[in-house]
Amino acid sequence: MTFIQPTSWPEALEARAAHPEAVPVAGGTDVLVELNFGRLHPSALMDLSRIAELRVWGRESGQVRVGSGVTYSEIIAHLVDDLPGLALAARAVGSPPIRNRGTIGGNLGSASPAGDCHPPLMAARAEVEVASLHRRRTIPISEFFVGPKRSVLGRDELIAAVWVPVATGPQVFTKVGTRNAMVIAVCSFALALHPPERRVGTGLGSAGPVPLPAHAAEQFLEGHLAETGAWESRAPLADSVLARFGQLVAEAARPIDDVRASAAYRRRALEVLGRRALSWCWDEYRGAKT
Amino acid sequence: MVLGRIPGSQDVRVSCTVNGERRVAEGVVPSESLLHLLREHLGLMGTKNACEQGECGSCSVYLDGVLVCSCLVLAGQAEGRAVTTVEGLAEGDELVRVQQAFIDAGAVQCGFCTPGLIMASHDLLRRIADPDDDEIREALAGNLCRCTGYQKIIDAVHLAARP
Ligand SMILES: Cc1cc2nc3c(=O)[nH]c(=O)nc-3n(C[C@H](O)[C@H](O)[C@H](O)COP(=O)(O)OP(=O)(O)OC[C@H]3O[C@@H](n4cnc5c(N)ncnc54)[C@H](O)[C@@H]3O)c2cc1C
Ligand code: FES
Ligand code: FES
């Protein structure tokens with residue numbers, strides 16, 4: 001087994017081109033479990049933890065570019081104002097040592113339908129920046145995942161960063177699990193209101209083979225808010241609107257029965273999460289001064 | 001870039017600072033964890049191995065001052081870095097306050113979880129000098145104990161914060 005330890009981004013891309021069989025390791029919180037249990041026998045490992053370029057974040061024209069090697073703890077500590085939905089999801093991940101080590105790029109790389117970053121990234125309409133030695137491209141988050149643990153990332157590519165629009169309105173993330181920490185989501189839901197564009201963003205986790213948007217729920221709410229002038233008046237939303245939104249969120253799910261929950265339970269839970277998330281976001285919007 | 005650092009071999013040499021001392025291990029397989037490096041190559045048995053999947057926290061150490069599960073870090077990722085294990089907290093025979101508090105509060109039964117819980121509690125008390133119950137529970141959420149029922153562990157953290 002070969003160990004490759006690039007110390008810069010260009011070196012990493014060169015190594016990726018020369019050794020497409022090498023498994024990248026960032027925080028290692030997914031890969032090491034596979035290695036420790038003998039479920040993964042790669043001929044080479046490539047450590048990404050020394051690449052300073054991947055560990056940084058910064059604002060660029062209304063977006064935050066979050067390096068793929070940025071950890072959950074860093075997101076919680078530094079990005080809660082700009083990216084509240086992502087920060088809430090980061091807080092729901094694992095335990096302190098997992099959050100200290102696990103990265104946003106590793107979450108995308110694993111492409112688990114239960115990955116907690118994915119719903120808020122869907123709701124915020126984020127883009128994934130990937131690169132190979134010869135090419136750099138950005139992929140809308142909604143097109144990044146193609147199946148459970150599968151993404152469009154090429155064998156010669158690495159994830160460089162995630163571009164997330166700075167929040168312009170309330171964002172929430174909710175997750176159902178058997179305890180408040182250390183759980184893979186039974187299901188999860190993220191909602192983001194984008195008042196300047198009069199848009200609504202959603203993302204469902206553990207609700208299908210890939211993270212899913214609830215387009216019909218978004219359109220219903222956008223239509224209702226436009227027709228009633230509620231973006232301007234900030235009037236309370238009727239219970240029937242909250243309920244309808246929850247139903248449409250649940251209808252967007254394509255859940256399965258598995259060890260964590262039945263499909264029927266997931267649908268029902270998502271209906272409740274959708275309704276609650278909207279009431280929390282709308283209360284926050286009504287309370288906001290600007 | 002480093003490719004199999006021992007010439008002619010795929011195994012790597014890892015050199016890092018452990019509890020303030022320079023340590024070198026030869027013949028480390030690239031897929032070995034930092035936990036294996038500490039226990040099997042360096043003979044430091046304070047850091048415990050229970051689950052090897054990040055669930056129990058018994059392998060917790062500081063890596064460059066950051067609390068991590070050593071079972072989820074590649075040994076090679078520790079190259080050139082500083083590791084502090086539970087053996088490295090005390091100054092000589094003088095236990096640090098949180099270690100003494102675990103003894104005084106009766107937070108140790110079989111003791112298997114204790115090194116990890118000491119590390120996680122130490123880390124918490126660096127960040128929050130006087131944490132409340134919720135903050136303690138959140139900080140220790142990744143550490144499993146099969147004996148104590150946790151209450152005495154929470155008492156120990158309070159005792160360390162307010163002796
Ligand atoms: C105890 C425990 C609890 C957990 N709890 C949660 C949870 O609550 N929610 C959650 O979502 N996840 C959870 N996880 C899973 C894991 O922590 C996350 O998926 C984390 O984000 C993985 O990041 P990492 O840097 O550790 O990834 P790694 O293990 O280093 O890598 C994961 C995958 O991504 C690839 N990869 C990493 N970086 C790149 C890159 N730059 N370019 C291309 N490919 C890359 C790797 O090759 C690998 O396939 C948990 C894991 C454990 C062990
Ligand atoms: S042995 Fe590392 S968390 Fe259990
Ligand atoms: S004291 Fe026995 S596991 Fe905690």
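Reader: What classes of residue make up the shell around ligand 1?
Author: In this predicted model, the shell around ligand 1 divides by class into 16 nonpolar, 14 polar and four charged residues.

Reader: And which of the 34 residues around it come nearest?
Author: Of the 34 residues around ligand 1, those that come nearest are P24(A), T29(A), D30(A), Y72(A) and T103(A).

Reader: What about D30(A), how far is its side chain from an oxygen atom of the ligand?
Author: An N or O atom in the side chain of D30(A) is 2.6 Å from an oxygen atom of ligand 1. For the side chain of Y72(A), the distance from one of its N or O atoms to an oxygen atom of ligand 1 is 2.6 Å.

Reader: How much of the ligand's accessible area does the protein cover, then?
Author: On its own, ligand 1 has 980 Å² of accessible area, and the protein covers 91% of that.

Reader: Switching to the two chains: how many residues are in contact there?
Author: Chain A has 34 residues in contact with 34 residues of chain B. The area buried between these two chains is about 2,900 Å², and carbon and sulfur atoms give 57% of it.

Reader: How many salt bridges are found across that interface?
Author: The rule finds two salt bridges across the interface of chain A and chain B. In a salt bridge between R99(A) and E138(B), the side chains meet at 3.7 Å, taken from N to O. As for polar contacts, the count between chain A and chain B is 11 residue pairs, with both residues at pLDDT 80 or more.

Reader: Which elements give two or more residues to chain A's side?
Author: On the side of chain A that touches chain B, the elements that give two or more residues are strand 1 (2-4), helix 1 (9-18), helix 2 (31-36), strand 3 (44-47) and helix 5 (96-101) of chain A. Helix 5 of chain A gives the largest share of that side, six residues.

Reader: And how do the residues of that side divide by class?
Author: The side of chain A that touches chain B has 17 nonpolar, 10 polar and seven charged residues.

Methods:
Residues are numbered from 1 along each chain as its sequence is written. Chains are lettered from A and ligands numbered from 1 in the order in which they are written. This is a predicted model: local features need pLDDT of at least 70, side-chain atom pairs count only at pLDDT 80 or more; totals for chains, interfaces and linings use all residues. Side-chain values use heavy atoms; hydrogens and water are left out. A residue is near a molecule or strand if one of its heavy atoms lies within 4 Å of it. A polar contact is a pair of N or O atoms within 3.5 Å; within protein, one must be able to donate a hydrogen and the other to accept it, and residues adjacent in sequence count only if both atoms are side-chain atoms. Accessible areas come from the Shrake-Rupley method with a 1.4 Å probe; for residues, only the protein chains shown count as cover. Ala, Val, Leu, Ile, Met, Phe, Trp, Tyr, Cys and Pro count as nonpolar, Asp, Glu, Lys and Arg as charged, and the others, Gly among them, as polar. Contact means heavy atoms within 4.5 Å. Buried area is the accessible area (1.4 Å probe) that two parts lose on being put together, summed over both. A salt bridge is a side-chain nitrogen of Lys or Arg within 4 Å of a carboxyl oxygen of Asp or Glu. Helices (H or I, at least four residues) and strands (E, at least two) are DSSP runs, numbered from the N terminus.
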